Every structure is written in C-alpha cells, then in structure tokens.
Amino acid sequence: MTKLLCNMAVSVDGFITGDDPAPGRGLGDGAVLHDWYWNGEARSRVVSRFRLSETTRDFIDPFAERVGAVVAGRNSYDDAQGWGGGSPHPTAPLVVLSHRPAPPEATPAQRFATSIEDAVAAARKAAGGRDVGLMGGGVLTTALAAGLVDEIVIHQVPVLLGAGRRLFQKLPGHIRLTLVQALPAPGVTHLHYRVER
C-alpha cells in the first residue's frame with residue numbers, strides 16, 4: 001500500500017529554511033541545511049548530482065527509490081522557481097498544494113490541488129503503487145492533522161539558524177512517533193520515525 005512520508009533537512013532549532021526565503025533566494029540564508037548533499041564522495045544512485053557520504057547514501061537512497069510522486073507546498077514551489085517545470089525528485093511527478101491558481105510557467109507535468117486530500121489522491125494515482133513524498137512544513141503539518149502521514153524522515157543538521165520557516169506548524173494535538181532509526185553521518189544526523197495511529 002502507498003505510504004506518505006516526509007524527508008526533509010532541518011536545523012537543530014527546527015527550521016527548514018533560513019531567514020528570508022523567496023523566489024530566486026531558495027532557502028534564504030539556510031543553504032547550509034543542504035551542505036551534506038554535496039560533501040561526500042559517494043554518488044547517489046537515485047539523484048546523480050548528489051555527492052554524499054557513504055553512510056548517508058546508504059540511508060537516503062532507499063527512501064528516494066520508494067517515492068513515486070511528490071506533494072509540495074506552494075511556498076516551496078515558488079522559492080524553488082517551480083523546479084524549472086519539473087519536480088524536486090528526478091523521476092517522481094509533482095503535485096502542488098496551493099489555494100492560488102497555477103502560475104503561467106507551470107508545466108502540464110505539474111498538477112495543482114487546493115486540498116491535502118485532493119493533492120494526496122492525485123499523487124497516489126501518479127505514484128503507480130509507490131510511496132508519496134511530502135515537501136514543505138505546511139504540507140507536512142496539514143497532512144499530519146488529516147491523519148495521512150505514515151513516516152517522518154528528518155535530516156538534522158548541526159546548526160542553529162534562529163529564523164526561517166519551521167518544519168512543524170501548529171498541530172491540533174499530540175502526535176506520537178516511534179523512532180525506527182537514528183544514524184549519525186558527516187554533517188547530519190538521519191532520524192526515521194513511524195507515525196503512531
């Protein structure tokens with residue numbers, strides 16, 4: 001059965017961007033959150049441009065291989081300038097959760113939905129039996145509140161950013177997690193949680 005999982009880098013103080021993220025500025029001053037994607041010698045088997053430590057590659061590649069579609073929030077989409085008409089994942093189609101209409105530069109390969117339920121349904125259909133990746137703090141929080149998330153994978157980077165967009169926004173109540181794996185690697189600690197239901 002298709003699972004929903006997030007897979008995001010976060011600072012120790014809980015930010016997924018630095019201060020002032022914006023179109024053309026990406027993560028604002030938070031690019032340090034992704035340094036570990038480029039500081040190793042092992043090429044990812046899924047995203048060939050990534051140069052990871054061997055430990056990190058062996059952890060994240062199996063997750064990347066599972067993803068058949070991505071649901072991203074509109075802020076992530078805009079800040080990444082629409083991923084050039086594609087998706088943040090090299091082989092997974094993109095569904096954008098947004099209450100605004102698709103911008104003129106959106107491509108037919110990018111779907112837009114106004115509710116998390118519609119976005120997830122479209123992504124599940126596009127995923128062809130594989131899992132759906134969630135991208136963006138708003139998308140993750142909305143999906144958690146709707147009881148849709150199965151797994152949370154956090155790549156905790158040893159930095160305090162002090163400002164930016166938070167990984168988690170206000171939730172309707174406590175959500176219990178089970179730690180599946182904690183793996184320290186150069187420049188990052190990988191944390192894999194299962195959402196309890």
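Biologist: Is Y77 buried or exposed?
Modeller: In this predicted model, Y77 has a relative accessible area of 1%. The cut-off for buried is under 20%, so Y77 counts as buried.

Biologist: Which ring pairs with Y77, and what is the geometry?
Modeller: The partner is F112. The two ring centres lie 5.3 Å apart, and the planes stand at 80°, an edge-to-face arrangement.

Biologist: Where do Y77 and F112 lie?
Modeller: Y77 belongs to helix 2 (residues 74–79), while F112 belongs to strand 6 (residues 110–113). The pair therefore ties together parts that are 35 residues apart in sequence.

Biologist: What is the accessibility of F112?
Modeller: F112 has 25% relative accessibility and counts as partly exposed.

Biologist: Changing topic, how many aromatic pairs are there?
Modeller: The count comes to seven.

Biologist: What is the geometry of the pair W38 and F50?
Modeller: The planes of W38 and F50 meet at 75°, with the ring centres 5.3 Å apart, so this pair is edge-to-face.

Biologist: Which parts does the pair tie together?
Modeller: W38 sits in the loop between strand 1 (4–11) and strand 2 (42–43), and F50 in the loop between strand 2 and strand 3 (51–52). These parts are 12 residues apart in sequence.

Biologist: And is F50 buried or exposed?
Modeller: F50 is buried, at 12% relative accessible area. W38 is partly exposed, at 45% relative accessibility.

Biologist: Which residues do ring pairs link into a cluster?
Modeller: The cluster consists of W36, Y37, W38 and F50.

Terms used:
Residues numbered from 1 in each chain as written. Predicted model: local features only at pLDDT ≥ 70, side-chain atom pairs only at ≥ 80, totals over all residues. Heavy atoms only, no water. Phe/Tyr/Trp six-rings, centres within 6.5 Å; stacked < 30°, edge-to-face > 60°. Helix = DSSP H or I, 4+ residues; strand = E, 2+ residues; numbered from the N terminus. Buried < 20%, exposed > 50% of the residue type's maximum accessible area, 1.4 Å probe, protein only.
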